[in-house]
Amino acid sequence: MSDESAFPPEEKEHRPAKNGDEKSEEGGLSRRKFLAGAAAAGAAGVLGVPSIAGAAGPSVPLQVSDVGGGSLTLVNGRIHTMNGSGTVARSVAIANGRFTSVDSGASGAGGGSVINLRGRTVVPGIIDNHNHIVLMGNRPGFHTPLENANSIAEVQETLASRAADVPSGEWITTIGGFHFNQFAEGRLPTKDELDEATADHPVFVSQSFSGPSATNSAGSAILSANGVTVGPDGEIASGGGGATGEALLYLRQTLLTPDTRRRGAIDAMAYGASLGVTTHLDQGAFQATGQPSDGAAHEDNFSMHEPFLELYASGQLGTRLRINFLNLEEDTDTPMLVARLKNAFPFFGNDLVRTGGIGEFTAGDFVDLFLGNPGPAWEAGTLRAAQAGWRNENHSLTGNDFQPIIEYWEEVNAQVPITDLRWVLAHVPQITQEYVGRINDLGAGLSLTGWQYLNGSGPAAGPPFRMIVDNGDHVGMSSDGMQIAPMNPWLHMYFATTGIGSAGDPINVNQTITRQEVLRLYTADNAWFIGEDDLGSIEVGKHADLVVLSDDYFAVSDDEMKDLHSVLTVVGGRVVHDAGAL
Ligand SMILES: [Zn+2]
């Protein structure tokens with residue numbers, strides 16, 4: 001259980017009165033404040049669903065998470081079911097966590113609380129089939145996503161809003177998930193600008209895996225006193241082993257405790273829920289060394305899940321977590337992988353938390369893989385994963401790393417069939433049509449990511465969404481947040497449908513897909529990647545996960561897509577996020 005004294009009292013200002021006026025949310029709060037507020041403050045006692053505020057602590061917007069699920073009726077919406085027939089329903093009923101009716105009538109027949117959607121657009125809960133939510137939950141300080149800020153002013157607004165909920169003197173941090181390209185000014189904020197956002201808290205804002213970073217006056221004083229080189233404008237040089245690595249190590253060593261990790265895990269899941277992400281498939285971390293060379297993506301793969309598992313055990317885990325086991329080792333005997341395959345269970349757990357497969361790395365060396373030479377340890381590990389009958393996922397980041405992976409998978413498949421094991425190649429910015437066909441022949445899938453959105457360059461930054469969707473048998477969508485890319489699925493959908501990067505440049509415009517297609521990849525089609533066929537669409541018998549959107553996804557302009565978020569998120573019939581707009 002978290003130490004409640006560490007949390008500020010719940011800020012009701014983030015939860016406008018429920019007066020039925022849709023403007024109560026949008027008019028009273030900017031989207032930036034809303035998102036920051038959602039992560040920080042959240043809502044309790046929503047919509048007649050019994051609150052567990054006493055048990056959960058005041059910063060918890062997530063509701064009860066017993067596996068049985070809740071009962072709820074939602075009426076008068078535009079409910080895009082993604083059932084394969086393009087059905088748009090008007091009402092749904094939910095009992096015991098699953099949809100019991102999906103109707104074209106305005107009023108559904110169901111039990112539990114009734115929510116009038118007032119014509120809002122509803123989509124299935126977003127499944128993110130490849131991200132790093134567990135890393136986000138283990139950030140030092142009060143991590144505050146900046147992935148939705150479009151300018152320095154919006155950075156300041158987001159940090160100031162967060163500061164209102166964070167005890168004075170505590171660190172406010174942003175570690176990964178954004179790039180200064182997305183800010184109109186094309187740079188990180190200065191010390192003075194961060195001081196304007198909050199002078200009462202030390203601030204550390206760090207881009208991608210290892211900076212560059214920026215800090216305010218309070219942060220500069222503390223970091224400088226602890227040996228970190230900070231420039232006169234608060235700038236901290238990038239690089240693992242550089243000043244950013246030293247700053248990050250200092251923050252981890254001084255701020256991370258079991259309590260603060262639990263708080264971070266709650267915030268991470270709440271942030272996801274505020275965007276409509278209801279299922280996360282986590283893909284692990286680079287193994288931490290405890291040295292300044294560690295970047296944002298480093299953690300201890302053997303203990304980092306604990307805060308999430310503790311939240312599950314105490315009924316505070318509101319959204320679904322699936323766990324892959326990342327493995328990097330250069331010994332061809334792959335002792336770590338062998339131990340994992342012998343001693344862990346794939347697909348073990350329940351509807352809230354379940355283990356998955358091996359990934360996003362199997363063995364070998366990360367850089368060798370990147371260079372297209374995965375090497376003997378990777379090959380040995382890959383064969384062992386197949387022999388054990390496990391799912392396996394690898395990523396491809398270049399134009400020369402997918403061929404050796406797919407070709408070796410073909411060799412493995414000749415010895416040990418993998419066609420039923422749902423192996424996955426992720427990101428694939430440069431994959432060709434020939435190799436998409438070869439992936440199909442292996443029964444494998446392609447997880448597409450808009451990670452190039454933040455910092456890719458055109459004209460074909462990739463992935464080739466159009467070619468892959470036209471040719472792939474199993475295709476899904478993921479964010480690869482929280483270092484190289486944002487978690488926000490609406491940013492990834494914007495990129496997939498426009499090909500426009502965060503700086504406004506056309507970097508992938510010849511390979512776009514439609515809004516219907518990318519939403520399907522992020523929902524119904526991602527069920528295959530999770531390995532569960534009762535998630536991802538709004539159909540009778542499936543898990544009752546849905547998102548009531550802030551605006552009509554199918555009608556808004558391209559730019560407005562980037563501002564979409566959830567006003568109400570339901571997981572298994574439980575409300576896990578409520579912006580008070582209904
Ligand atoms: Zn990843």
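This is a predicted model: local features need pLDDT of at least 70, side-chain atom pairs count only at pLDDT 80 or more; totals for chains, interfaces and linings use all residues.

Student: Great. Which residues coordinate the zinc ion?
Tutor: The zinc ion is coordinated by H130 and H132, each through NE2, by E360 through OE and by D480 through OD. The distances are 2.1 to 2.2 Å.

Student: And how are those donors spaced along the chain?
Tutor: The spacing is H-x1-H-x227-E-x119-D. H130 in strand 8 (residues 126–131) and D480 are 350 residues apart, so to speak a link between distant parts of the chain. D480 belongs to the loop between strand 22 (475–478) and helix 18 (489–498).

Student: H130 and D480, buried or exposed?
Tutor: H130 is buried, and D480 is buried as well.

Student: Why is the arrangement around the zinc ion called irregular?
Tutor: Because the four donor atoms subtend angles of 84 to 171°. To count as tetrahedral, four donors need all angles between 85 and 135 degrees.

Student: Back to E360. Where is E360 found?
Tutor: E360 is in the loop between strand 18 (353–358) and helix 12 (366–370). There is a backbone feature here too: the peptide bond from G359 to E360 is cis, with omega near 5°. E360 is also one of the residues that coordinate the zinc ion.

Student: What about the bond that joins G462 and P463?
Tutor: That peptide bond is cis, with omega about 0°. P463 sits in the loop between helix 16 (452–455) and helix 17 (465–471).

Student: What do most peptide bonds and phi values look like in general?
Tutor: Most peptide bonds are trans, and most residues other than glycine have a negative phi.

Student: OK, so what is phi of M82?
Tutor: Phi of M82 is near 55°, a positive value, and M82 is not a glycine. M82 is in the loop between strand 2 (78–80) and strand 3 (88–89). With a relative accessibility of 5%, M82 counts as buried.

Student: And T334, what is its phi?
Tutor: T334 has a positive phi of about 35°, although T334 is not a glycine. The loop between strand 17 (320–325) and helix 11 (335–343) holds T334. Its relative accessibility is 0%, so T334 counts as buried.

Student: Switching to helices. How are two packed helices described?
Tutor: By the angle between their axes and the distance between the axes.

Student: At what angle do helix 13 and helix 14 cross, then?
Tutor: Roughly 45°, and their axes come within 10 Å. Helix 13 covers residues 375–387 and helix 14 covers residues 402–415. The two helices are therefore oblique to each other, and their crossing is right-handed.

Student: What about helix 18 and helix 19?
Tutor: Their axes come within 9 Å and cross at roughly 140°. That makes helix 18 oblique to helix 19. Angles count as roughly antiparallel when over 145 degrees. Helix 18 passes helix 19, residues 515–522, in a right-handed crossing.

Student: Now side chains. What does the side chain of T158 reach?
Tutor: The side chain of T158 reaches the backbone oxygen of E154 at 2.7 Å. T158 is in helix 5 (residues 152–163) and is buried, with a relative accessible area of 5%.

Student: And what does the side chain of S566 reach?
Tutor: The backbone nitrogen of L568, at 3.0 Å. S566 lies in strand 24 (residues 566–571) and is buried, with a relative accessible area of 0%.

Student: V567 lies in strand 24 too. How many residues separate V567 and L549 in sequence?
Tutor: V567 and L549 are 18 residues apart in sequence, and 5.7 Å apart in space from C-alpha to C-alpha. V567 counts as buried, at 0% relative accessibility.

Student: Last one: how far apart are G541 and A95 in space?
Tutor: They are 9.7 Å apart, C-alpha to C-alpha, and 446 residues apart in sequence. G541 is in the loop between helix 20 (527–530) and strand 23 (546–549). At 37% relative accessibility, G541 counts as partly exposed.

Conventions
Residues are numbered from 1 along each chain as its sequence is written. Side-chain values use heavy atoms; hydrogens and water are left out. Donors are N, O and S atoms within 2.8 Å of the metal (3.2 Å for Na, K and Ca); water is not among the atoms, so sites may look incomplete. Four donors count as tetrahedral if all angles lie between 85 and 135 degrees; four count as square planar and six as octahedral if opposite donors are over 155 degrees apart and all others between 65 and 115; anything else is irregular. Helices (H or I, at least four residues) and strands (E, at least two) are DSSP runs, numbered from the N terminus. Buried means under 20% relative accessible area, exposed over 50%, partly exposed in between (1.4 Å probe, protein chains only). A polar contact is a pair of N or O atoms within 3.5 Å; within protein, one must be able to donate a hydrogen and the other to accept it, and residues adjacent in sequence count only if both atoms are side-chain atoms. Axes are lines fitted to C-alpha atoms, for helices over the stretch in contact, and angles run from 0 to 180 degrees between N-to-C directions. Angles under 35 degrees count as roughly parallel, over 145 as roughly antiparallel, 65 to 115 as roughly perpendicular and the rest as oblique. A crossing is left-handed if the near helix is turned anticlockwise from the far one by less than a right angle, and right-handed if clockwise.
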